[in-house]
Amino acid sequence: MSPRAKKKPSGIVTFVGAGPGDPRLLTLRAIEVLAEADVVVADEATLRQVLFHCKSGVEVLDPVTGDDGELLSAVARAKVVVAAARSGKQVVRAVAGDPCVDQSVTDEITAVAKAKIVFEVVPGVPVSTAVPTYAGIPLHAAKGSGGVRVLDMAEASIDWATVGSVDGTLVLRGALDSIAEIAQELVAGGRKPATPVAVTINGSTTEQRTLVSTLAQVASDVRAAKITLQAVVVVGEVVAQRDTLSWFETKPLFGWKVLVPRTKEQAVTLSEQLRSYGAVPHEVPTIAVEPPRTPQQMERAIKGLVTGRYEWIAFTSVNAVRAVRERFEDYGLDARAFAGIKVAAVGEATARALVEFGVKPDLVPSGEQSAAGLLEDWPPYDPVFDPIDRVFLPRADIATETLVAGLVELGWEVDDVTAYRTVRAAPPPADTREAIKGGGFDAVLFTSSSTVRNLVGIAGKPHAVTVIACIGSATAKTAEEHGLRVDVMAPEPSVSALAEALAEFGTARRAAMVEAGDPVTRPSERRPGSRRKAK
């Protein structure tokens with residue numbers, strides 16, 4: 001009897017709740033399964049939240065529309081998922097909010113189960129609770145106030161007058177097409193026309209906007225604001241607590257689009273700090289790094305490092321670490337070649353790059369993260385305790401002489417080696433250039449004089465409404481020489497202090513608007529013709 005052909009095992013389908021919009025609200029389990037997924041099935045909005053956690057080359061399928069452009073039913077969507085799983089792939093079906101809150105998603109899960117496909121459900125943060133939280137609205141009021149009821153505004157079977165006859169907080173989800181009729185029916189059922197209403201769009205993202213109104217006015221206010229997106233609507237006295245509990249939309253730089261003239265790799269820490277203030281960082285490299293024109297000097301220095309020529313090696317940038325590491329890899333060396341050599345680093349990012357290389361710095365400035373700060377802590381040469389008097393200093397071709405002069409004054413001999421060249425980067429895309437010149441950015445952070453010169457050179461001068469923040473007086477002077485008004489100056493020359501200074505500026509600006517009774521707007525919304533309507 002011939003052996004039976006083995007049946008190819010099916011994959012597994014995992015339904016993942018992607019939360020309300022903020023990718024950081026994904027659960028740890030959701031991130032785990034996304035990292036293992038061969039196929040991700042998600043609509044365009046949800047895909048943006050989850051794709052960051054997927055491996056490169058993951059297959060993406062759209063479950064929403066068919067070839068004719070029509071919306072697919074739950075059963076038809078399930079067929080897309082089942083077909084992928086039967087090919088032995090690990091499939092993630094990502095949905096907004098929590099999978100089991102949406103009846104149509106429950107229908108998909110049921111269809112997958114009937115197809116005898118192994119499945120798992122990973123809960124997500126529900127939109128109906130997360131968005132009010134991000135809007136600063138608690139759902140429960142005082143005891144005995146009627147509880148909370150979550151309803152879909154598109155549900156045809158709901159008797160809104162009956163809903164209005166019962167006290168409590170209402171959370172309504174969906175398109176606002178019928179908000180006028182719903183509000184009228186709620187009032188007819190017994191709700192007071194002055195009952196507070198909050199309408200939030202793009203919840204939990206930096207595009208979040210909340211309109212506060214009443215049942216009597218909400219329809220006209222929504223029309224005036226031209227809100228056409230899906231929304232979460234909260235009806236009830238709890239809306240009044242937003243004045244006290246709003247925490248997200250009141251962040252210092254909420255929704256500000258901030259230009260960071262660095263590569264994504266260089267700007268990781270700075271961009272995260274800006275996000276913590278509510279900003280949307282946009283990295284634009286203004287310089288490109290290239291190898292030195294003549295590599296012999298660097299080759300001799302690496303050889304000297306291995307043969308014991310140096311007592312110290314000092315790194316003043318991440319690029320310097322990268323340049324030395326690349327030469328090490330070319331010669332088959334690793335971090336063990338630093339044995340017996342003292343290592344200095346300027347800045348947290350530089351120190352972190354060394355640790356990733358396998359080298360722990362012996363000296364990082366205790367104060368100012370600069371060449372001057374390093375010199376403050378650098379020990380003078382002592383012939384009794386220092387067997388070697390030489391320092392290897394791998395740097396850029398345009399580096400200043402401050403560090404070299406200071407080390408020589410301390411008694412050290414310095415091999416100042418060009419490890420890399422800095423050249424002006426290629427211009428950014430046309431839409432970015434237009435945003436820079438047209439006032440599309442709310443702020444720009446200049447971290448050196450070269451970033452001012454290079455940004456203006458490759459993209460043009462920032463618009464007059466853009467807030468200009470500079471890391472120090474020399475950078476500010478260069479900005480002013482290019483016709484820019486400097487609004488913010490860091491109290492100390494560090495990118496962290498620069499970001500914090502911008503946040504303080506944003507806080508003061510917001511407070512002034514509130515005190516004057518003006519609407520809170522971003523700098524980019526003050527330019528002519530820029531007033532944006534909520535959609």
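**Exercise 1.** Is Ser204 buried or exposed?

*Solution.* This is a predicted model, in which local features need pLDDT of at least 70 and side-chain atom pairs count only at pLDDT 80 or more, while totals for chains, interfaces and linings use all residues. Residues are numbered from 1 along each chain as its sequence is written, and side-chain values use heavy atoms, with hydrogens and water left out. Buried means under 20% relative accessible area, exposed over 50%, and partly exposed in between (1.4 Å probe, protein chains only). Ser204 has 2% relative accessibility, so Ser204 counts as buried.

**Exercise 2.** Which residues does Ser204 touch, not counting residues up to four places away in sequence?

*Solution.* Contact means heavy atoms within 4.5 Å. The residues are Pro20, Gly21, Asp22, Leu25, Tyr134 and Phe248. For Asp22, the side chain of Ser204 reaches the backbone nitrogen at 2.9 Å.

**Exercise 3.** Classify the ring pair of Trp247 and Phe248.

*Solution.* Rings of Phe, Tyr and Trp (its six-membered ring) pair if their centres lie within 6.5 Å; planes under 30 degrees apart count as stacked, over 60 as edge-to-face and the rest as tilted. The structure holds eleven aromatic pairs. For Trp247 and Phe248 the centres are 5.4 Å apart and the planes stand at 55°, so this pair is tilted. Phe248 is buried at 4% relative accessible area, whereas Trp247 is partly exposed at 37%.

**Exercise 4.** Classify the ring pair of Tyr381 and Trp412.

*Solution.* The centres lie 5.3 Å apart and the planes are at 70°, so the pair is edge-to-face. Tyr381 is partly exposed at 26% relative accessible area; Trp412 is buried at 2%.

Notes
Polar contact = N/O pair within 3.5 Å; in protein donor to acceptor, adjacent residues only side chain to side chain.
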